[in-house]
Amino acid sequence: MGVIQATVLLFGSFFVMLLGGVPISAGIGIASIITALASGMDFSIFSLTAAQRCFSGVDSFSLLALPFFSLGGNIMNKGGIAKRLVRFARLFVGKVPGYLAATNVLANMFFGAVSGSSVAAASAMGSIMGPLEKDEGYDPNYSAAVNICSAPTGILIPPSGPLILYSITAGGVSVAALFMGGYIPGIMLGVFVAGIAIIMAKKMGYKTSTIVETESPWKVAFDAIPSLLAVIIVMGGILAGFFTATEAGVVLCLYCGVLGIVYKELHAKEFYELLADTMVSSSTILFLIASSSIMSYVMSYTGIPAAISAGLMSISNNRYVILFIMNLFLLIMGMFLDLTPAVLIFTPIFLPIARSVGMSDVHFGVMLIMNMGIGSVTPPVGSCLFVGCGIAKVGIEGVTKYIVKMFAAMVVALLLVTFMPIFTMLIPYLCGLVPSFWW
């Protein structure tokens, strides 16, 4: 079987199963097996190799960071940290039109910076901001759209679980460099969404804040400091070499757990439920990684990555054209694939192409995660979209008209990050983590 036929069979059978409702992890594994056997691989050899790939794919100390960061985000969601971050965010944007929407964006950036999860941010901020915005007469669809589109900042502003997953998939790219590289793109994404949200709020006649804070701004800021310290502790510890990214996840869980107990909002029963939720989500991710390891092996055997690379390079040898096509493809795929399988599938395909046009592994990683973050707000498979709509109790059809404008702004931010490496590479360069801040 030729490489073109293998590519069509692998991805065609996968998407057919995806549309048929087969779980993504199972679909990846089944499509890989079908392609391997159709390509003439000996079944006994393939079975042994596939089993070895599954175990080696999940046999990684670094992977422990994912469940710990996930647990940390869940603890913050239930431990009273989100409420304090919302009050703190309101101090900065209380005087702008549609201040609650702007507060939502800024609070998602703060919460995402601590939790590293866009879904956790969409859930936490939607639960808190939705009722407040409803009381002030905001269109629930507009409120939900703002929450949904600002939630992906959480997977760019470190610490970030998806960036850790990319690091592992790419063969050990520096987690510290990826974390530092995510700051400016994450902030840019939030600022672009906030800008569109404020313009829309002004057109709809939403006013500035009418809430009179009973406590002084200093008291509100002081209450938020322990929550924000989580970022400093995690990032400072990683950069200073006190602990690895995996150990940082443990530190985050312990610190946020203590905060939840001190705030008297986290109890033994809730903690048990948080552990159970984390175990379920982590097992799903590990199963995806295992099945994706089989797909990576099949792709390497059939020469699919090399063929795709050659195909792109045959279209043009211009760096910007190739990166534009790559972004377009990833944005489309982001509409159908969740973030984790997308990172596992597309990193081995597109990373060699990115390297061939002079793009660093750190720059590509941030661009890939940004693409998948934008994909999480679009139907039909958008985790932030479904969580945000579910929390706000609105339909996808209603929020779409608002999401479209914010989506366009997010794509502009993505293109700036893609074609201007300085936005990603400057902070890692200043920290001495990468040799250059340009191509």
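Figure 1. The structure, a predicted model, holds 10 aromatic pairs. One of these joins phenylalanine 329 and phenylalanine 350, whose ring centres lie 5.5 Å apart. The ring planes of phenylalanine 329 and phenylalanine 350 meet at 65 degrees, and the pair is therefore edge-to-face, since planes over 60 degrees apart are placed in that class. Phenylalanine 350 is buried, at a relative accessible area of 4%, whereas phenylalanine 329 is partly exposed, at 34%.

**Figure 2. The pair formed by tyrosine 429 and phenylalanine 437.** The rings of tyrosine 429 and phenylalanine 437 form an edge-to-face aromatic pair, with 5.1 Å from centre to centre and 75 degrees between the planes. Tyrosine 429 counts as partly exposed because its relative accessibility is 35%, a value between the limits of 20% and 50%. Phenylalanine 437 is likewise partly exposed, at 32% relative accessibility.

**Figure 3. An aromatic cluster of three tyrosines.** Tyr138, Tyr142 and Tyr402 together form one aromatic cluster.

**Figure 4. Lysine 393 in the loop between helix 18 and helix 19.** Lysine 393 is found in the loop that separates helix 18 (383-392) from helix 19 (396-419). Although lysine 393 is not a glycine, its phi is positive, at about 60 degrees. Lysine 393 counts as exposed because its relative accessibility is 74%, and the limit for that class is over 50%.

**Figure 5. Helix 17 and its covered residues.** Helix 17 (residues 361-375) has 15 residues. From the first C-alpha to the last, helix 17 reaches 21 Å, close to the 21 Å expected at 1.5 Å a residue. Helix 17 is mostly covered, with 14 of its 15 residues buried.

**Figure 6. Confidence along the predicted chain.** The protein chain has a mean pLDDT of 82, and 95% of its residues reach 70 or more. Confidence is lowest in helix 5 (residues 81-93), where the mean is 74. Confidence is highest in helix 20 (residues 422-430), at 93. Where pLDDT is low, predicted coordinates should not be read in detail.

Notes:
Residues are numbered from 1 along each chain as its sequence is written. This is a predicted model: local features need pLDDT of at least 70, side-chain atom pairs count only at pLDDT 80 or more; totals for chains, interfaces and linings use all residues. Side-chain values use heavy atoms; hydrogens and water are left out. Helices (H or I, at least four residues) and strands (E, at least two) are DSSP runs, numbered from the N terminus. Buried means under 20% relative accessible area, exposed over 50%, partly exposed in between (1.4 Å probe, protein chains only). Rings of Phe, Tyr and Trp (its six-membered ring) pair if their centres lie within 6.5 Å; planes under 30 degrees apart count as stacked, over 60 as edge-to-face and the rest as tilted. The expected span of a helix is 1.5 Å times one less than its number of residues. pLDDT is the predictor's confidence in each residue, from 0 to 100.
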